[in-house]
Amino acid sequence: MASEILVEVKDLNFSYGERPLLRGINMTMHRGKVIAIMGGSGSGKTTLLRLIGGAIVPTSGHVKVAGKIVHKLKRDELFQLRRKMSMLFQFGALFTDLSVFDNVAFQIREHTDLPESMIRDLVLMKLQAVGLRGAHDLMPAQLSGGMARRVALARSIALDPLLIMYDEPFTGLDPISLTVIGNLIRRLTDALGMTSIVVTHDVQESLKIVDYVYFISDGVIAAHGTPDEVRESVAPFVHQFVHGEEDGPVTFHYPAKAYASDLKLETGLA
Amino acid sequence: MPRRIAIGIRGIGHRVIDSTWRLGYASRFFLLILLKSGTSLRRFGLVIRELYFTGVLSLIIIIVSGLFVGMVLGLQGYETLQRFGAESAVGTMVALSLVRELGPVVAALLFASRAGSAITAEIGLMKATEQLAAMEMMAVDPIARVVAPRFWAGVISMPFLAAMFSVVGVFGGYLVAVVLIGVDDGSFWSQMQNAVDFRYDIVNGIIKTCVFGVAVTAVAVFEGYDASPTAEGVSGATTRTVVTSSLVILGLDFVLTSFMFRGMS
């Protein structure tokens with residue numbers, strides 16, 4: 001039985017001024033799945049996340065989350081919807097003036113009237129899920145990059161969201177932290193029955209944990225498929241990206257006039 | 001040549017439009033702070049926490065500066081007044097200078113450089129490290145949760161800091177004039193008591209500090225919120241806070257003084 005569709009992106013276009021950044025994007029994301037969006041730097045991946053989160057408005061087309069068109073919601077309605085979604089920022093974006101405990105408790109305190117004893121239990125449960133219950137009284141400055149990312153993950157699941165978006169969750173992590181974060185994303189998605197959208201360019205780590213992959217190149221979806229389909233793909237862009245080849249559809253050289261003419265060789269003057 | 005003139009005129013036009021746009025943006029931001037102050041009033045603990053950072057931690061610089069300014073006023077006042085045999089009026093001079101002008105203005109300038117710059121840097125860095133964006137994504141409005149409590153804490157603490165500055169300054173004047181130089185104790189205080197009018201001098205001074213408090217804190221939170229999310233952006237915003245708010249304080253002081261004190265007594 002097909003699971004419920006949580007996020008639907010339909011004919012989405014987005015431009016910064018005159019410059020088109022995303023063109024004709026279509027995506028369908030089901031509940032309980034981990035979906036990766038991959039592409040080179042500046043390909044529009046993070047912009048796509050911001051469109052899904054309602055931080056920016058598309059030029060045309062729409063994003064539907066839980067049946068609601070995000071950019072048509074009023075601010076109050078958008079904030080209601082955002083209580084069901086979460087975002088893990090690239091470097092965690094923990095509140096530096098709050099302890100680990102208060103960071104995880106932040107959203108619970110802001111949006112509920114639960115007694116402090118219950119908040120304590122909930123926070124410790126969330127921290128236990130990411131293996132950092134013992135670090136609850138540390139300040140963010142005392143955490144390593146991997147630990148900060150895990151605390152941010154605990155904070156993002158504080159209100160049991162339907163959807164979590166991860167913006168480059170693997171950047172700058174050592175191999176152990178990388179595996180830990182990857183496995184946590186998979187385990188938490190399965191345990192909480194939510195949907196995870198992982199924006200990344202870490203191919204090997206993400207192919208281990210995701211259910212479906214979209215490749216974005218030059219603002220369009222260049223390819224999509226399951227991890228197995230992606231590994232075996234002969235599409236030039238996917239092949240170059242997955243195997244990290246230096247040259248291919250994404251060229252090594254920035255466009256320039258002919259080398260010989262730049263060095264003034266063909267005129268015989270040099 | 002006409003082309004150069006055209007470019008020059010266009011440049012001026014751009015600057016005027018940019019400045020007007022920024023002024024409008026800042027005014028709109030200020031209105032938003034006022035509209036979204038409900039959270040700060042309902043959860044006053046948020047404001048109290050900021051009062052500690054902006055008010056209590058500024059106390060030391062205010063007290064030390066107030067003491068020295070008062071002591072200098074005592075010395076200079078005595079030096080001038082004794083030429084006319086009016087050295088017993090040194091208390092009046094110290095007190096009036098402090099409550100009318102130096103208390104509000106110098107305390108506000110110190111507040112802008114100590115607390116204003118800290119507010120800008122903190123909000124700017126929160127923006128640069130995506131903390132404000134994270135808050136937005138958690139359905140928590142950063143203007144209500146981060147900006148408004150800092151704004152109100154600044155507005156509340158400014159009059160108290162200026163009052164503290166004046167009180168310590170008067171004490172500094174007393175130390176120099178009475179204890180050090182030997183001006184008569186009784187005439188120092190009684191002349192001060194006679195000359196300083198509560199409504200005319202002290203209330204006007206308090207009004208000034210309130211206006212400066214709003215101006216400095218509004219500039220500080222706006223510059224922080226509007227800062228480019230980079231190291232240069234935050235450092236530039238911090239500098240702008242100190243420069244802009246200092247100029248605003250001095251400009252507003254002239255305007256307020258010209259309305260409040262017009263040679264009447």
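1. Let's start with one residue: Val167(B) sits in helix H7 of chain B, which covers residues 142-181. (Helices are DSSP runs of H or I with at least four residues, strands are DSSP runs of E with at least two, and both are numbered from the N terminus.) Val167(B) counts as partly exposed because 16 other C-beta atoms lie within 10 Å. On this scale a residue is buried with 20 or more other C-beta atoms within 10 Å of its own, exposed with 12 or fewer, and partly exposed in between, with C-beta atoms placed from the backbone.

2. A word on the model before going on. It is predicted, so to read it: local features need pLDDT of at least 70, side-chain atom pairs count only at pLDDT 80 or more, and totals for chains, interfaces and linings use all residues. Residues are numbered from 1 along each chain as its sequence is written, while chains are lettered from A and ligands numbered from 1 in the order in which they are written.

3. Chain B has 10 helices and zero strands. The C-alpha trace of chain B spans about 65 × 60 × 30 Å along its principal axes. Of the 265 residues in chain B, 44% are buried. Among the contacts in chain B with a separation of 6 or more, 87% are between residues 24 or more positions apart; a contact here means two C-beta atoms, placed from the backbone, within 7 Å.

4. Helix H5(B) deserves a look. After H5(B) comes Glu130(B), with a positive phi near 65°.

5. Which residues have the most contacts inside the largest nonpolar core? They are Ala108(B) and Val221(B), in a core of 137 residues. Such a core is a set of buried Ala, Val, Leu, Ile, Met, Phe, Trp, Tyr and Cys residues joined through C-beta atoms within 7 Å. Helix H5 of chain B (residues 90-128) gives the largest share of this core, 20 residues. Leaving aside residues up to four places away in sequence, Ala108(B) touches Met158(B), Ala162(B), Thr209(B), Phe212(B), Val216(B) and Ile249(B).

6. Now to chain A, where six strands form an open, mixed sheet in the order S6-S7-S8-S3-S9-S10. Strands S6 and S10 (220-225) of chain A are at the edges with a single partner strand each, so one side of each has no neighbour in the sheet. Strands S3 (residues 34-38) and S8 (residues 195-200) of chain A run parallel and are joined by five bridges; pairing requires at least two DSSP bridges. Within that pair, Ile37(A) has Val199(A) in S8(A) as its bridge partner.

7. Finally, the interface: 13 residues of chain A are in contact with 10 residues of chain B. On the chain A side, helix H2 (75-82), strand S6 (85-88) and helix H3 (100-111) each give two or more residues. H3(A) provides the largest share, three residues.
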